[in-house]
Number of protein chains: 2
Amino acid sequence: MTTPRPLIAVDWGTSSLRGARFDNAGRLRDQREFPRGILTVAAGEFPAVFEQCFGDWLQQDSDGLCLLSGMVGSRQGWQEAPYCPCPAGFAELGQHLLWLQAGRMAIVPGLSVKLSDGLPFDQHDVMRGEDIQIFGALSLTGLENATVVLPGTHSKWAEVAHGRVLRFRSFMTGEVYALLRQHSILSRTLPADAPWHEDGFVHGVRLAQHTPSVLSSLFATRTLALFDTLAAEQHASFLSGLLIGEELRAMAHRQASPILLVGNSTLTQRYQCALQALGLPAQRLGDEATWAGHLALAKHL
Amino acid sequence: MTTPRPLIAVDWGTSSLRGARFDNAGRLRDQREFPRGILTVAAGEFPAVFEQCFGDWLQQDSDGLCLLSGMVGSRQGWQEAPYCPCPAGFAELGQHLLWLQAGRMAIVPGLSVKLSDGLPFDQHDVMRGEDIQIFGALSLTGLENATVVLPGTHSKWAEVAHGRVLRFRSFMTGEVYALLRQHSILSRTLPADAPWHEDGFVHGVRLAQHTPSVLSSLFATRTLALFDTLAAEQHASFLSGLLIGEELRAMAHRQASPILLVGNSTLTQRYQCALQALGLPAQRLGDEATWAGHLALAKHL
């Protein structure tokens, strides 16, 4: 560990760009957000966009460190930062930083894991951006052993022991939910703006635990309408419960350590509700995990 | 059983209308097909469309029987024929016919099954049209015990013992495949018209057997591209293998009896290939199962 320095933490994702400025005691001085996700930035224009958004901070904290996390390190980002393979803690992440300016400005790589449980070939899973949130969640809770769940378009379940991510698994839950809501035969009978119904949701979570595949339980959303099992305004929540419940069916029984849910509050609330229905307590964390992750990583460099 | 009569068999589905005329010895005399699926027919106009397409047959075979199967018996069809509950064989199906003209013209109802394996509530599955294909497949093969698989937009796996459907389960496999191909993030890296690759397909089938949920294995299609595990032109076949493989993961280990695959040859070939990769032999049948089912049912009335 080195002498504490000011930190400019940047979370540069697919659709948004956020930055936070911390002094050398880790106190937040300023925050900014721009609609400049990497999808809006042409190849080669990342340095200019960064300068435009955070150039003044960099100038003011001339002895500071700048860490960039998220899809900015992907093939479509500023520069591709090769994934840091699991198991990975601060030490491994630090070694795999991609320095844009030596000692001054670096891209935090994502994590990769080789899945091999009985497989006749190598299969990989990856994350980019969630890595820093995981370490932030550990830092905020003081836990060294946990299951960290990051709900979203592509949800992640990470197993952490002794402060290191041992392995993780992604689920295309959010994306599949959106596809089914918008384009499938189910969308015809799902009201567009139904409010959330906890009963319908829990009904879906429970059905998922007793169905061998979500491809089959999804069909249940159709038969609900035929047999009037559940009021129509509950069907969208039921579908959400089926999909989140499917993640739990696949993963929850494996979890012994405390479960941390990290992400936007609407989603983490649903996951907490689903876990509760299975008798599993979980703690929720929000966006604060991202900055906590940057600060914790900076401390370890 | 009654004296053999001529049979007019009609398969009236969502997007097509097909008819076949058999003499009282079960010999095919004529066949017709029209682009008049039930989606093209307004409520109240079913009798007129039927008259237009098959009126002459009905007049010529004045002592004949006419059976209509498929979505024509759904809420959006000619008249809703309540599902025949499983277990169901010819006797039950015969008792549940919806007679439009007594002794002369009837809609064959679909099947329903109440799933209750450990569920804290009733859950139903349904089929309409596949029922007649199942009985046709049994009639053509002479089998009384089998697993009958009907691949499609909503695939069905039916367990048959002593000539009766004991239970079945639907999978939204075909629909989910189409959604992912057309609208998901995966569609961006999948070539639109890639030919079928058996290696990529079997790779997907095998991965599905080692993954606890298809929501997770789907993400593998993304990482394939990142890690160059499989050539890009194989990705669509890999995705198809993942989804069909997921059905097999959920169902195939439960099957002891012979497996019959019924449907269009492209799909049944894929399922046969997937089953073969798991060491399970299967026999394929095509459209002939539909008319065989009508004939077999008529014989039992």
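1. Within chain A, 16 residues of domain 1 are in contact with 13 residues of domain 2. On the side of domain 1 of chain A that touches domain 2 of chain A, the elements giving two or more residues are β1 (7-12), β2 (17-22) and β4 (65-69) of chain A. By class, that side of domain 1 of chain A has eight nonpolar, seven polar and one charged residues. The model discussed here is predicted.

2. On confidence, chain A has a mean pLDDT of 93, and 98% of its residues reach 70 or more. For the complex, the predictor gives an ipTM of 0.92 and a pTM of 0.92. Where pLDDT is low, the predicted coordinates should not be read in detail.

3. The contact between the chains takes 37 residues from chain A and 38 residues from chain B. On the side of chain B that touches chain A, two or more residues come from each of these elements of chain B: the strands β9 (123-127) and β12 (164-171), and the helices α4 (173-183), α5 (198-209), α6 (214-217), α7 (219-227) and α8 (235-251). The residues on that side of chain B divide into 18 nonpolar, twelve polar and eight charged.

4. Chain B has an open sheet of six strands, in the order β3-β2-β1-β4-β7-β6, with mixed pairing. The edges are β3 (28-34) and β6 (98-101) of chain B; each has a single partner strand, so one side of each is left without a neighbour in the sheet. From one strand to the next, the twist averages 20°.

5. Leu98(B) stands opposite Ile107(B) in β7(B). Helix α10 (residues 288-299) of chain B packs on the sheet and touches β1 (7-12), β2 (17-22) and β4 (65-69) of chain B. The direction of α10 makes about 130° with that of β1(B).

6. In chain A, strand β13 (residues 259-262) and strand β14 (residues 282-285) run parallel and are joined by four bridges. Val262(A) in this pair stands opposite Leu285(A) in β14(A). Between the two strands the chain passes through helix α8 (residues 265-277) of chain A, and this β-α-β crossover from β13(A) to β14(A) is right-handed.

7. Most residues other than glycine have a negative phi, and most peptide bonds are trans. The peptide bond from Cys86(A) to Pro87(A) is cis, with omega near 0°. Pro87(A) lies in the loop between β5 (84-85) and α2 (90-95) of chain A. In chain B, the bond from Cys86(B) to Pro87(B) is likewise cis, with omega near 0°, and Pro87(B) is found in the loop between β5 (84-85) and α2 (90-95) of chain B.

8. His162(A) is not a glycine, yet has a positive phi of about 50°. The place of His162(A) is the loop that connects β11 (155-161) to β12 (164-171) of chain A.

Terms used:
Residues numbered from 1 in each chain as written. Chains lettered and ligands numbered in written order. Predicted model: local features only at pLDDT ≥ 70, side-chain atom pairs only at ≥ 80, totals over all residues. pLDDT = per-residue confidence, 0-100. Contact = placed C-beta atoms within 7 Å. Nonpolar A, V, L, I, M, F, W, Y, C, P; charged D, E, K, R; others polar. Pairing = 2+ DSSP bridges. Right-handed = clockwise from strand over helix to strand, strands pointing away. Axes fitted to C-alpha atoms, helices over the stretch in contact; angles between N-to-C directions.
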